[in-house]
Amino acid sequence: MGIKVSYLEIKYFLKLSLNFRLIGRLDIKSKKVVRTYQKEGFKFLEDPLFYAQKLYNQGIDELIFDDIVASLYERNSLSSEITELSKKIFIPFTVGGGIRNIDNATAAFEKGADKIFVNTAAIKNIDIIKLISNKFGTQSIALSAQAKKHENKWIAYYDNGRENSGIEIKDLIIRAQDNGVGEIILQSIDYQGTKKGFDYNLFEDINNIITVPLIASGGFGKLDHIDKIMKATSNKVSGIAFANIFLEDIMSINELNEYCLNNNFLR
Amino acid sequence: MKNLVGILNYRLGNLLSIKSAIEYLNYRCKIIDNLNNLEDFSCIIFPGVGAFDQAINYIDSNDIREKILYIFKKKKNIKILGICLGMQIAFDKSEESVVKSKGLGIFSGCVKKFNYELKPPLNGWAKLKLSNNSETKNKYSFLQDKRVYFTHSYYCQTEKRDEIAYIKHNNFMYSALTIKDNFIGLQFHPEKSGPAGIEILEQILSN
């Protein structure tokens with residue numbers, strides 16, 4: 001009896017006792033951070049280092065760097081920036097945009113990425129996930145799933161939200177998980193940049209198929225959106241990724257931290 | 001400039017972060033290329049990338065086991081710092097090993113696989129808790145409640161006398177920081193744990 005009870009407790013508590021993750025997302029084009037709305041870049045801002053340093057000083061947990069035009073031009077140009085950042089900023093970096101084979105992935109890790117994400121490459125050939133996962137471990141590879149609603153289904157988009165893959169987002173997530181992906185970063189294209197909250201229906205819809213850590217992205221603008229995404233996923237979501245709230249100085253990481261602490265989302 | 005820190009390279013991924021963190025603390029740091037000069041370093045790091053079998057295979061095919069155990073036993077002024085996998089290889093064995101590789105045996109016991117509802121790895125932040133060890137408690141009190149970054153699928157439970165800090169999930173606990181003589185094992189990544197991690201690294205290197 002003892003074994004069974006303690007096993008259940010472990011299962012239950014390991015999920016809850018990991019700290020809720022706050023992740024800053026930097027969309028980068030021509031070496032500048034850009035503000036985006038529904039995945040369209042519309043305003044060039046400062047260098048990535050400026051925001052990365054600012055967020056690091058405020059106590060952010062992780063950073064995502066997305067070279068948003070890379071897959072279109074089939075190259076990722078963030079390497080030198082990542083190397084520079086890794087000399088000053090000591091938190092995990094997830095890097096992506098334009099990573100399409102094992103050589104690109106290897107180069108990204110050598111330049112200082114801890115994790116990479118794939119989107120376009122995974123839609124074209126899901127084997128990329130298995131290759132990276134087998135070589136560098138499941139923790140090293142995330143799927144960036146970008147969903148757009150068509151009638152009552154969510155479809156996976158690629159090339160930074162420009163192209164319709166015709167694949168349902170659920171099917172893409174299942175395939176990625178079957179191939180050893182370590183994390184799903186799920187973003188609603190319709191809600192991205194709107195600050196009106198996450199697409200809760202989307203997250204409710206995919207919740208029961210998720211078997212790896214899930215990061216919610218697209219639409220975060222107010223503190224109580226955290227509570228709502230927790231409810232929509234029955235507390236399953238591992239963290240949130242956001243951009244506009246710090247690009248527009250809407251709130252500080254400190255405020256987010258306090259909100260999480262006050263609401264018993266472990267920090 | 002302070003003493004020289006060396007990082008072993010099992011050729012399995014990113015060593016840049018740990019090197020950057022050490023250099024940030026004004027230590028000289030190099031990736032070890034000549035394994036005959038291990039005694040030139042004030043600290044030798046086993047980094048936390050790759051898998052148990054790959055790391056042990058590298059260690060044994062390059063005659064590192066004997067050299068490291070010599071330093072562990074005879075050269076107590078040289079620190080050996082194992083991070084994540086680098087800590088796990090210091091145990092007797094691991095459930096991760098498919099070919100039953102033999103660990104360094106500095107800590108006794110077997111490294112075990114997590115069993116919980118999401119697929120491993122456990123990936124994220126948690127707070128350190130200080131072990132109730134009268135000899136070390138005061139010296140390491142700065143570790144208490146430090147928030148650090150973990151990414152691992154396997155965990156260690158060290159003998160209590162070697163454990164300095166642990167992680168607690170309800171009533172399930174595993175070792176986060178263990179020390180035996182000059183070997184220091186960290187399950188978390190100090191080079192990825194923000195300012196708290198840098199402080200811990202600095203304390204370890206300067207102590």
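Among contacts in chain A between residues at least 6 apart in sequence, what percentage join residues at least 24 apart? The share is 66%. Two residues count as in contact if their C-beta atoms, placed from the backbone, lie within 7 Å. The structure is a predicted model, in which local features need pLDDT of at least 70, side-chain atom pairs count only at pLDDT 80 or more, and totals for chains, interfaces and linings use all residues. Residues are numbered from 1 along each chain as its sequence is written, while chains are lettered from A and ligands numbered from 1 in the order in which they are written.

Chain A contains twelve helices and twelve strands. Helices (H or I, at least four residues) and strands (E, at least two) are DSSP runs, numbered from the N terminus. The radius of gyration of chain A is 18 Å, close to the 18 Å that the globule rule gives for 267 residues, so chain A is as compact as a globular protein of that length. This radius is taken over C-alpha atoms, and the rule is 2.2 Å times the number of residues to the power 0.38. Along the principal axes, the C-alpha atoms of chain A fill a box of roughly 60 × 40 × 40 Å. Of the 267 residues in chain A, 50% are buried. A residue is buried if 20 or more other C-beta atoms, placed from the backbone, lie within 10 Å of its own; it is exposed if 12 or fewer do, and partly exposed in between.

Helix packing in chain A is illustrated by one pair. The axes of helix H5 (residues 102–110) and helix H7 (residues 127–136) of chain A come within 10 Å and cross at roughly 40 degrees. Axes are lines fitted to C-alpha atoms, for helices over the stretch in contact, and angles run from 0 to 180 degrees between N-to-C directions. H5(A) and H7(A) are therefore oblique to each other. Angles under 35 degrees count as roughly parallel, over 145 as roughly antiparallel, 65 to 115 as roughly perpendicular and the rest as oblique. At the contact, A:Ile102, A:Ala105 and A:Phe109 of H5(A) meet A:Leu131, A:Ile132, A:Lys135 and A:Phe136 of H7(A).

Strand E7 (residues 141–150) and strand E8 (residues 153–158) of chain A run antiparallel, joined by five bridges. Two strands pair if DSSP finds at least two bridges between them. A:Ala147 has A:Ala156 in E8(A) as its bridge partner. Two residues lie between the strands of this hairpin, where A:Glu151 takes a positive phi near 55 degrees. E8(A) also pairs with strand E9 (residues 163–168) of chain A, in the antiparallel sense over three bridges. Here A:Tyr157 stands opposite A:Asn164 in E9(A). The hairpin of E8(A) and E9(A) has four residues between the strands, and A:Asp159 takes a positive phi near 50 degrees.

Chain B has five helices and 13 strands. Buried residues make up 51% of chain B. Eight of its strands form an open sheet with mixed pairing, in the order E2-E1-E3-E4-E13-E12-E11-E8. The edge strands are E2 (28–31) and E8 (129–130) of chain B, each pairing on one side only. Within this sheet, four bridges join the antiparallel strands E12 (residues 172–180) and E13 (residues 183–186) of chain B. B:Lys180 has B:Phe183 in E13(B) as its bridge partner.
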